[in-house]
Amino acid sequence: MKTKSIASFKSWKVRLALLLAVIGPGFITANVDNDAGGIFTYSQAGAQFGYTLLWTMIPITIALIVVQEMTARMGAVTGKGLSDLIREEFGFRLTFIVMITLIIANFGNIVTEFAGIASSLELFGWKKYFVVPLCAFIVWVMVVRGTYNSIEKIFLAASVFYVCYIVAGVLAHPDWRAAAFATVTRPEAAGIRNYSYLYMVIGLVGTTIAPWMQFYLQASIVEKGVTAKQYRASRWDVILGCIFTDVVAWFIIVACAATLYAYGRHNISDASDAAQALRPLAGEYAYLLFAAGLFNASLFAASILPISTAYAVCEGLGFESGLDKKFHEAPVFYWLYTVLIVLGALVVMIPRLPLVYVSVLSQVVNGIVLPFVLIFMLLLTNDRELMGEHINGRGFNIVAWTTVVVVISMALLMIVFH
Amino acid sequence: MSLVALSELLGATVRDVSGAVHGRVREVAVAPQEHPTRIAFLIVATSDGERVLPASSLKSCGASVRAADDARRWEKYAPSDGVLLLKRDLLDQQIIDVHGRKVVRVNDVELDSALVNSHVALSVIAVDVGARGAIRRLTQGLVPAFTMRALLEKIPPRVIPWQYVDLLETDPARRVKLKIVYEGLSKLHPADIADIIEELPAAEREAVFETIDEDVAAEALEELDPKVQVSLVESLDSERVADIVNEMDPDAAADLLEKLPEDRSGEILNEMEPEERIEVTQLLEFGKNTAAGRMTTEFVSVPDNGTVADAIDALKQFEGSREAVATVYLYSVAYKITGAVPLVKIAVSPSSTPLLHLREDAVTCVPDAPDDEVAGLFDKYNLVTLAVVDEHERLAGIITADDVITMLRHAS
């Protein structure tokens, strides 16, 4: 009896240790997912539509889990990145098209991260013309020098900021019944013909299930050396990360609905509007809290997006890549990385650029690109020669293909009703 | 003789002797067991399934392919593991560029077509890894062929000759059939092999390590990044690891086994040769960051009443690492260390010279001397090797300078 309880205690400890050991790729990706684009889009959704769009959260979470799980599984089973697999299975031309699309979508995200940096520091009264180039330079050096690896944990710890939205959401005394009902209700049919409604829903999908995440997560799984055997623990890391992302997203929408929407401020034009959602928690100091959180999230994502784009593109197209290489050994890699950062920062410095609008727009672009990346992922995860026994199950295929069809239809409808 | 790109050949229309179009080229196959570079046959996608067009009946080859025989004589294609399919196995895949010492992705394959006895003989001559192949594949069918050719002429080619290409294949049985033995890779410096291994996906790493000779694998394994080292060893079976570890320097072997889970290192030790096992087990008992943990037990020592000829005999019989022979150690009757002779002195002295005439004081340390003390001794006395002695002043092992450099680099 006693030995049995010790054994079960030990196996429990082993399991916990295993879980902690693999906490990483999935959870980090999930945290970076709540970047500037995420915060602005969720805030705008709550401010503009109140609780109305909360119904999207459950289907988006399910789709996110399925998509991220597919990615992580592919990484563990094949030991290769997503762009490597696309190249090997679909040839040069298709890879080239996917990579160009990825560069465009990710460039939008990079602009958004710098927009987040600019607008968070503007709350302190610092002009973007000064801080954006400075932060761009810091990011560039930090990543190239490898300092990023040692401060990743700091970024991650600072992500505790998201808890503020949960607290603020509670303190704002939202109509819990209405919010809960809106979460489980089915969408109203009128939305299908409403351009701004469709725009927002695609933005929500795009910011939560962003294409770059699939490339980044799979690369991280490979980098960590997770194999098919150890994959079970990684799966939990991925699933927990997805749930965490969407719980935070839900609370951001609720907090904004209970404050901004309730005050009648239906359009977020800059960060100071978005910061009002934290008022129930921090009162006069809401803007400080919001600025710090947004700055951390933006800088975190800005450190990841350009480099992960450069890796994905160079691996897919067969250019030398890697920070352990010298500049002349991997020129395309370093140039692409540098140009993405420099241009991203320059765009944000355009005078009177509507930063929040641009951020939400980039997430809509993510949403439109997503189904195409998903089609490739579905073809790959259903390839028995590649995946062996780890091929997609029927349920996964249904969810993923439904996501593809629904998002494409919404994008088409959005164009029709523009 | 002229060059044909694989990407031009794929999809080309195929006509038989009558001149009628019968299908398109779907694959180009090499049968390495018959000939390492020659194309054995084309697979043609016809309205009647996939057919095999033997290379011996090719009449012309280019934008369209012409056969010298009747399409009805082309047999049905039966998939076989023993043939290398250039599109599936090579195009867009990663290969090892043995000459450039890196892993690269194939953009296109260059074939040579020559007229032999009134039929066209095709053979693989190089893989294209540069912009030329990339742009050809990107623009194919979108830009008229002659414009494309003119454009491509201007791009400097970046090709790897076929003899420098090592293919990656994860299926062991297929590796044998395709005669993939990593001959070129094995000839590289172990540090370069390690760099290449680090760039490969896990399954491909295993494939290479299962194939190359144990002694090459052992040297390369020593040079690998510790993280990659452990994950690679964990994926190989214990018997193979034991074969490789047998060939490693005992100190490197001990370092490696220490990083593995206990049951796994036990398994590997059990599979090892008794002599190596004892040495490694002893080293494993010492603390990791001490002189004993860093030392190797393979060194050259001779009685101090011997001559240069005795020292040279001992060197000839020595099987340990090259770094360890830099110093020949001397001992007295009770195996007590009495001095050291640098290799240079032995090399330039007549063979009858008594070793005591060449003797210098040996710099020594105790087994539990910490890392910084070891490094300090190397620095102070400009050492190449340092003797580690036990409480009876007997030589237990030596530390070589290369281990100290590794130690310092990992410490900073």
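This is a predicted model: local features need pLDDT of at least 70, side-chain atom pairs count only at pLDDT 80 or more; totals for chains, interfaces and linings use all residues.
Visitor: What makes B:K179 count as partly exposed, rather than buried or exposed?

Guide: B:K179 has 13 C-beta neighbours inside 10 Å. Buried means 20 or more other C-beta atoms within 10 Å of the residue's own, exposed means 12 or fewer, and partly exposed is what lies in between, with C-beta atoms placed from the backbone. With 13, B:K179 lands in that in-between class. Residues are numbered from 1 along each chain as its sequence is written, while chains are lettered from A and ligands numbered from 1 in the order in which they are written.

Visitor: Where is B:K179 found?

Guide: Look in the loop between helix 5 (172-177) and helix 6 (183-186) of chain B. Helices (H or I, at least four residues) and strands (E, at least two) are DSSP runs, numbered from the N terminus. B:K179 also has a positive phi of about 60°, although it is not a glycine.

Visitor: And B:R101, why is that one called partly exposed?

Guide: B:R101 has 16 other C-beta atoms within 10 Å, so it gets the partly exposed label. Its phi is positive too, near 55°, and again the residue is not glycine. You'll find B:R101 in the loop between strand 10 (94-97) and strand 11 (102-105) of chain B.

Visitor: What makes chain B more spread out than a compact globule?

Guide: Its radius of gyration is 29 Å, well over the 22 Å that the globule rule gives for 412 residues, so chain B is more spread out than a compact globule. The radius is taken over C-alpha atoms, and the rule is 2.2 Å times the number of residues to the power 0.38. Along the principal axes, the C-alpha atoms of chain B fill a box of roughly 90 × 45 × 40 Å. Chain B is divided into domain 1 (2-162), domain 2 (181-285) and domain 3 (300-411), with bounds from an automatic or database domain assignment. The C-alpha centres of domains 1 and 3 of chain B lie 60 Å apart.

Visitor: Over in chain A, how do you know that the span of helix 16 agrees with what it should be?

Guide: The expected span is 1.5 Å times one less than the number of residues. For the 18 residues of helix 16 (residues 331-348) of chain A that gives 26 Å, and the end C-alpha atoms are 26 Å apart, so the two agree.

Visitor: Which residues of helix 16 of chain A are buried?

Guide: Among them are A:F333, A:Y337, A:G344, A:A345 and A:V348. The buried residues of this helix pack against helix 5 (82-122), helix 6 (128-145) and helix 15 (286-317) of chain A.

Visitor: What is A:F114 in contact with, leaving aside its neighbours within four places in sequence?

Guide: A:F114 is in contact with A:V132, A:A136, A:A302, A:G344, A:A345 and A:V348; contact means C-beta atoms, placed from the backbone, within 7 Å.

Visitor: Which residues touch the most other members of the largest nonpolar core?

Guide: A:F114, A:I202, A:I252 and A:I253 do, in a core of 137 residues. Helix 15 of chain A gives the most to this core, with 18 residues. A nonpolar core is a set of buried Ala, Val, Leu, Ile, Met, Phe, Trp, Tyr and Cys residues joined through C-beta atoms within 7 Å.

Definitions and conventions:
Two residues are in contact if their C-beta atoms, placed from the backbone, lie within 7 Å.
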